[in-house]
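This report walks through strands, helices and selected residues. Please keep the structure open while reading.

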Amino acid sequence: MTEFEIIAHYFTRPSDALLGVGDDCALFSSKKTIAVSTDMLVEKTHFFPGDDPFLLGRKSLSVNLSDMAAMGARPRYALLAISLPVADEAWLQAFSKGFMAQAERYGVALIGGDTTRGPLAVCVHIIGELDAELALRRDGAKPGDEIWVSGHLGDAALALAHLNDEIRLTDEEAEFCLGALHDPVPRVELGLALSGISRCAIDISDGFCADLSHILEKSIVAAVVEYAALPCSETMEKYRSTRASAILSGGDDYELCFTASPEKSNDVRSIGERLGIRLSKVGKIREGSGLVVLDEAGREMKIGNKGYAHFS
């Protein structure tokens with residue numbers, strides 16, 4: 001198949017844009033503030049050769065949807081650039097099915113992109129809308145704010161350790177953790193619900209400590225976190241004492257870490273109950289700089305590597 005046949009067959013769908021796939025640029029209009037983000041997934045760096053292309057299609061959009069969630073933005077449009085070593089029609093069918101299913105689930109229209117021959121890599125550019133004054137910015141944390149985390153942490157890192165033969169999970173544990181690694185759930189509804197409740201959020205992609213530290217640096221504040229309060233699945237709970245790094249710095253969780261004033265605690269809990277999402281209060285923002293994580297005895301833990309760094 002040619003480049004244009006691939007685009008026409010697998011990646012062209014109707015949309016509400018003024019002009020979508022098939023021209024030099026896409027055209028759309030909006031009365032709100034535009035939010036944009038880009039993420040790239042590269043074979044052997046972000047996923048393994050031979051990974052399920054359907055799940056890769058879903059994840060390639062999910063990680064971008066997670067950025068929208070972290071800003072409290074409603075996703076609208078996406079552009080997809082993909083580099084392929086060969087035009088494998090079975091692979092393309094599965095990948096596009098996964099991508100488009102996730103796009104439909106979250107109301108995203110694919111309106112353009114690029115296709116070329118090369119090492120397998122997927123780059124998605126996502127566009128959303130929000131009210132600027134309600135954006136969940138990294139520089140919005142204030143001393144006295146409570147720190148919250150959605151869902152649970154460490155499962156994806158546990159799956160990666162299993163794949164790398166660092167640990168051996170049971171079949172049931174492996175299936176659960178691999179699901180977290182290959183098919184993360186973007187917290188779009190949560191991000192939208194937090195608008196007006198929270199001032200500050202980030203999605204946990206590189207690791208909890210690394211990503212919370214981005215908030216602290218941008219907001220010029222410090223934080224104290226209780227390790228025992230960090231939320232875990234039943235599977236991860238078994239490894240809490242032996243693989244703390246999976247929880248603190250494992251990454252690929254795509255949960256939201258956000259802050260809110262203590263007066264908003266009941267509002268936050270109500271949002272969690274309404275959406276059916278576990279929301280855990282894990283620490284507090286304070287004046288100063290740096291991140292301190294306390295163990296159950298109240299002693300400061302050595303964090304070491306805070307999270308994934310592309311060029312370390």
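## Arg74 and its surroundings

Arg74 touches Gly128, Glu129 and Leu192, leaving aside residues up to four places away in sequence. The model is predicted. Arg74 belongs to strand β2. Its relative accessible area is 47%. Buried means under 20% and exposed means over 50%, so Arg74 counts as partly exposed.

Arg74 can also be located relative to Ile127. The two are 53 residues apart in sequence. In space, their C-alpha atoms are 8.6 Å apart.

## The four-stranded sheet

Strand β2 is part of an open sheet of 4 strands. The order is β1-β4-β2-β3, and the pairing is mixed. The edges are held by β1 and β3 (109–117). Each has a single partner strand, so one side of each lacks a neighbour in the sheet. From one strand to the next, the twist averages 15°.

Strands of a sheet pair through backbone hydrogen bonds, either parallel or antiparallel. Which sense applies to β1 and β4? They pair in the antiparallel sense, over 10 bridges. Strand β1 covers residues 33–42. Thr33 stands opposite Leu130 in β4, and Val42 stands opposite Ala121 in β4. On the β2 side, 9 bridges join β2 (residues 74–84) to β4. These two strands run antiparallel. Here Ile82 stands opposite Val122 in β4.

How many of the 10 residues of strand β4 are buried? The count is 9, so the strand, residues 121–130, is mostly covered. In a regular strand the side chains alternate between the two faces of the sheet.

Helix α2 lies across β1, β2 and β4, and it runs at about 145° to β1. Helix α3 (residues 89–105) lies across β2, β3 and β4. The angle between α3 and β2 is about 165°.

## Asn64 in helix α2

Asn64 lies in helix α2. Is this residue buried or exposed? Asn64 has a relative accessible area of 0%. The cut-off for buried is under 20%, so Asn64 is buried.

Its contacts include Ser37, Thr38 and Asp39. Val124 and Ile126 are also touched by Asn64. Residues up to four places away in sequence are not counted here.

## The six-stranded sheet

A further open sheet has 6 strands. Their order is β6-β8-β5-β9-β7-β10, with mixed pairing. Strands β6 (200–204) and β10 (290–294) are the edge strands, and each pairs on one side only. Neighbouring strands are turned by 25° against each other on average, direction ignored.

Strands β6 and β8 (residues 255–260) run antiparallel. They are joined by 5 bridges. Ile204 stands opposite Glu255 in β8. Helix α2 (residues 53–71) packs on this sheet too, touching β6 and β8. The direction of α2 makes about 165° with that of β6.

Helix α7 (residues 208–219) lies across β5 (146–150), β6, β7 (222–226), β8, β9 (279–286) and β10. It runs at about 155° to β6.

## Helix α4

What makes α4 largely enclosed by the rest of the structure? Of its 9 residues, 7 are buried, and so the helix is largely enclosed. The buried residues are Asp155, Ala156, Ala157, Leu158, Ala159, Ala161 and His162. They pack against α5 (171–182), α8 (234–237) and α9 (244–249). An α-helix has 3.6 residues a turn, so residues three or four places apart point the same way. After α4 comes Asp165, whose phi is positive, near 60°.

Leu160 also sits in α4 (residues 155–163). Its relative accessible area is 37%. That value makes Leu160 partly exposed.

Methods
Residues numbered from 1 in each chain as written. Predicted model: local features only at pLDDT ≥ 70, side-chain atom pairs only at ≥ 80, totals over all residues. Heavy atoms only, no water. Buried < 20%, exposed > 50% of the residue type's maximum accessible area, 1.4 Å probe, protein only. Pairing = 2+ DSSP bridges. Axes fitted to C-alpha atoms, helices over the stretch in contact; angles between N-to-C directions. Contact = heavy atoms within 4.5 Å.
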